[in-house]
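Subject: Structure handover and findings

Hello,

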Amino acid sequence: MTTESTKKPCLIRARDRGPEASMSHPFNPNSLVHGHLLGMATGLERIGVNLIRVPPGKESFIYHRHHGEEEFLYILSGRGIAEIGDEEFEVGPGDFMGFPVPSVAHHLKNPFEEDLVYLSCGEKKSTEIAEFPRLGKTMIRSGNQVSLFETSAAEAFPGLEKVK
């Protein structure tokens, strides 16, 4: 049983957040983000809420799309280039991007001279499928297990023909 004294705080004040964590995507050498896992710090289990900062000349993660988890981005400050499908858009403060599933492929980069800061939020389901279309790879996450395979190597499940 969880008691009030063992719960994570419901309020995280900006002055109490501590230092930023940094990470990059293993398939993108230009990926570098700094930020705070706000949802995790407050004990949220079904959604991730992250305050992200992309330095000048860097990119968020990698061009990808989701099959199970919805995601949104809300730009707080700075400017960036959002790749959404086959188009690019300059984005800035107050711009919102929502990606219902199955989502269109998307990515965010910062070619400008100031930090790009945004709120990133998404579902945290026990299973997720994500594609990296430019790499021809698909990722499957089930719990803490992550598998990656060539999308072209996927086989149809025997006995299940497509409905025409």
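A salt bridge here is a side-chain nitrogen of Lys or Arg within 4 Å of a carboxyl oxygen of Asp or Glu. This is a predicted model: local features need pLDDT of at least 70, side-chain atom pairs count only at pLDDT 80 or more, and totals for chains, interfaces and linings use all residues. Residues are numbered from 1 along each chain as its sequence is written, and side-chain values use heavy atoms, with hydrogens and water left out.

Salt bridges

Side chains of opposite charge can pair when their charged atoms come close. The structure holds 9 salt bridges. Among them is Glu 20 with Arg 53, whose closest N and O atoms are 2.6 Å apart. That pair links distant parts of the chain, 33 residues apart: Glu 20 sits in the segment before strand S1 (21–23), Arg 53 in strand S3 (residues 47–54). Strands (E, at least two residues) are DSSP runs, numbered from the N terminus. Glu 20 is partly exposed, at 36% relative accessible area. Arg 53 is also partly exposed, at 22%. For these classes, buried means under 20% relative accessible area, exposed over 50%, and partly exposed in between (1.4 Å probe, protein chains only). Glu 20 and Arg 53 join Asp 115 in a network of salt bridges.

Next, Arg 65 pairs with Glu 131, with 3.0 Å between the closest N and O atoms. This pair also links distant parts of the chain: Arg 65 is in strand S4 (residues 65–66), Glu 131 in strand S11 (residues 127–132), 66 residues apart. Arg 65 is partly exposed at 29%, whereas Glu 131 is buried at 13%.

Then there is Glu 83 with Arg 134, at 2.9 Å from N to O. Glu 83 lies in strand S6 (residues 80–84) and Arg 134 in the loop between S11 and strand S12 (137–142), so the pair ties together parts 51 residues apart in sequence. Glu 83 is buried at 6% relative accessibility. Arg 134 is exposed at 53%.

Asn 110

Asn 110 is in the loop between strand S9 (106–109) and strand S10 (116–123). Its relative accessible area is 1%, so Asn 110 counts as buried. Which residues does Asn 110 contact, leaving aside neighbours within four places in sequence? They are Val 54, Pro 55, Pro 56, Gly 57, Lys 58, Arg 79, Asp 115 and Leu 116. Contact means heavy atoms within 4.5 Å. The side chain of Asn 110 also reaches the backbone oxygen of Pro 55 at 3.4 Å. A polar atom of that side chain lies 3.0 Å from the backbone nitrogen of Phe 112.

Cysteines

The disulfide count is 0, where a disulfide is a pair of cysteine sulfur atoms within 2.5 Å. Cys 10 is exposed at 77%. Cys 121 is buried at 9%.

Surface patch

Phe 27, Leu 135 and Leu 148 form a nonpolar surface patch, with about 230 Å² of accessible area together (Shrake-Rupley, 1.4 Å probe; for residues, only the protein chains shown count as cover). Patches take residues with over 30% relative accessible area and no salt bridge, joining like charges within 9 Å and nonpolar side chains (Val, Leu, Ile, Met, Phe, Trp, Tyr) within 5 Å. Leu 148 lies in strand S13 (residues 145–150) and is partly exposed at 39%.

Best wishes

Notes
Helix = DSSP H or I, 4+ residues; strand = E, 2+ residues; numbered from the N terminus. Polar contact = N/O pair within 3.5 Å; in protein donor to acceptor, adjacent residues only side chain to side chain.
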